[in-house]
Amino acid sequence: DVTVDTSSTESKATSFSVMNIKTDKISQVTIENESSTFTVSPEKITAEDGSNTYKWLVKGYEDIDFTTPEYMVNAVTEITALKKFKIDTEAEPSSSDAESDEKNDEYGFLSPYAKLTVSLTDNTEYMVTVGGVSPDKSGRYIMLDGEGDIDELEGYAYLIDTSVINCVGNSLESCVNMASAPAFVAESDEDPYFDEGSLISFDYIYIDGRLHKNKIKIICPSDDLSLLSYMIEEPNDQAANDESVNAILALTSGVYNSGAYVLNYKNSDLKEYGLDNPYVTYKFKAGNNLLDIKIGDMDENGYYAYIVSYSVDGGKTMISKDIIYKLDSYSYEFIEYKASDIYFEKLFIEYIKYVDSLTVTVDGEETKFTLHHDEKNAATFTVTTNEGKEIDDDEFCYYYARLLYLSALENADETYTPSGDSVISFKLTYTAEGKEADEISIYPYEKNVRRNIFRLNGKGTALVSSTLVNDLIDCLTPLKNGEKIGNKYAN
């Protein structure tokens, strides 16, 4: 089980195997470094075909999934060295000149990077002392001390590739599985929340916490509500910024940590990291997929503290660990989004199923579109013009969406009054009894040709993009002539 190298004591030029111990011969490994001391042991998992794999459990934290300990164990049980050097293991440190000894400690064993004790199933054990980095930075030195076959490996410093050996210096908290919550997944090929494995819809996103004055609820409107991708339903009906919501939805693709602050936390730990009164909270639901994240304070290195729970059965079973994780702020910049970043500052929003007619006026010429709604489903309708021409309902929706997507880029001075005629105007009537018509007028803005003044029912100084306004003008004639104008805001 132990391969012993007995070749020349001089340094080698190519890598070579020092030892290879099979996992089933290991009972436990104790890792001691500057940050942590912990013990891991292998748990054998037998597959249906009889093959065996091993999971490394950390003593006292058996319910937590760690990944790095496996690499730590492999680094000191499947040892491949770059070089080896003969050393004097019998020399004792000089108590009278400890400083001199440290300066002459060529391999860094007097102040080791880590010490690992490997206990085998035959009741023997050996120790691996991990020292300093070589002058060329290619490797780190180790020294072996033990019983039986290990005797023949003593008396040498072995140079091990840093990419292999440096993991033994990791703290236990940094060894937790990077995936603290899995991605949302479809339950079947017919799952309405997914299309070819990608999430396309959700029931809600709730956003709350110290950062937000009011709780925000975001939904995906059903087809009979509007032409918008996302809507804010609470604290009031408003369009949501597509880019901001898409950024936030990244959490449903899996939540990945950068280690942990605390394993098996207590209430006092929650307070210390700002999780008793979270900075931001997110709750997601898409069918039976649920995700609940609470984010606390950010440290000086740019990491947020957070705790997380999730469910794949609609909330019947919520899965969580008593771990306060670290979240990289640079990878999750949307955490700092305020309400103003999530709201889309659209100037006009009315669900199309309530629109009875839309009259568009350009250069004094009126074009009226009348919607004929199905009595049982108002979201189903046909469209005709004032000349009696039937218009494709999808193309009309594409035009209406252009109107909905006009947003305020900035505002003119409150005292500013538009002069001259509007470049385009809209009059909307509604099916709801007693609901008054709305009139939108868009005017030139003399101070900036790239902007137009948007006024709703004679009020407002919002400045909108002249490019989008010109698009509304340019698409009008093709639309009323029955031509295709295309979906400018397709997801």
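Biologist: Which residues have the most contacts inside the largest nonpolar core?

Modeller: The largest nonpolar core of this predicted model has 80 residues. Another core, of 33 residues, lies apart from it and includes Val360 and Phe454. Inside the core of 80 residues, those with the most contacts are Tyr158, Ile218, Tyr282, Leu291 and Ile335.

Biologist: With which residues is Ile335 in contact, leaving aside its neighbours within four places in sequence?

Modeller: Ile335 is among the residues with the most contacts inside the largest nonpolar core. Contact here requires heavy atoms within 4.5 Å. Once neighbours within four places in sequence are left aside, the contacts of Ile335 are Leu211, Tyr279, Val280, Tyr282, Ile295, Tyr304 and Leu327.

Biologist: Is helix 7 largely enclosed or largely open?

Modeller: A residue is buried if its relative accessible area is under 20%. Among the buried residues of helix 7 are Glu395, Phe396, Tyr399 and Arg402. The cover over the buried residues of this helix includes strand 25 (355–362), strand 30 (424–430) and helix 8 (466–480). Because nine of its twelve residues are buried, helix 7 is largely enclosed by the rest of the structure.

Biologist: How far apart are the end C-alpha atoms of helix 7?

Modeller: Helix 7 comprises the twelve residues 393–404. The expected span is 1.5 Å times one less than the number of residues, so a span of 16 Å should result. The model agrees with this expectation, for the end C-alpha atoms are separated by 16 Å.

Biologist: Which strands stand at the edges of the open sheet of eight strands?

Modeller: The strand order in this sheet is 4-3-2-7-8-9-10-6, and the pairing is antiparallel.

Biologist: What is the bridge partner of Tyr126 in strand 9?

Modeller: Strand 8 (residues 125–133) and strand 9 (residues 139–146) run antiparallel and are joined by six bridges. In strand 9, Tyr126 has as its bridge partner Gly146.

Biologist: What separation do the C-alpha atoms of Ser201 and Asn452 have?

Modeller: Ser201 lies in the loop between strand 13 (198–199) and strand 14 (204–208). Along the chain, Ser201 and Asn452 are 251 residues apart. Their C-alpha atoms are separated by 34 Å.

Notes. Residues numbered from 1 in each chain as written. Predicted model: local features only at pLDDT ≥ 70, side-chain atom pairs only at ≥ 80, totals over all residues. Heavy atoms only, no water. Core = buried A, V, L, I, M, F, W, Y, C linked by side-chain atoms within 4.5 Å. Buried < 20%, exposed > 50% of the residue type's maximum accessible area, 1.4 Å probe, protein only. Helix = DSSP H or I, 4+ residues; strand = E, 2+ residues; numbered from the N terminus. Pairing = 2+ DSSP bridges.
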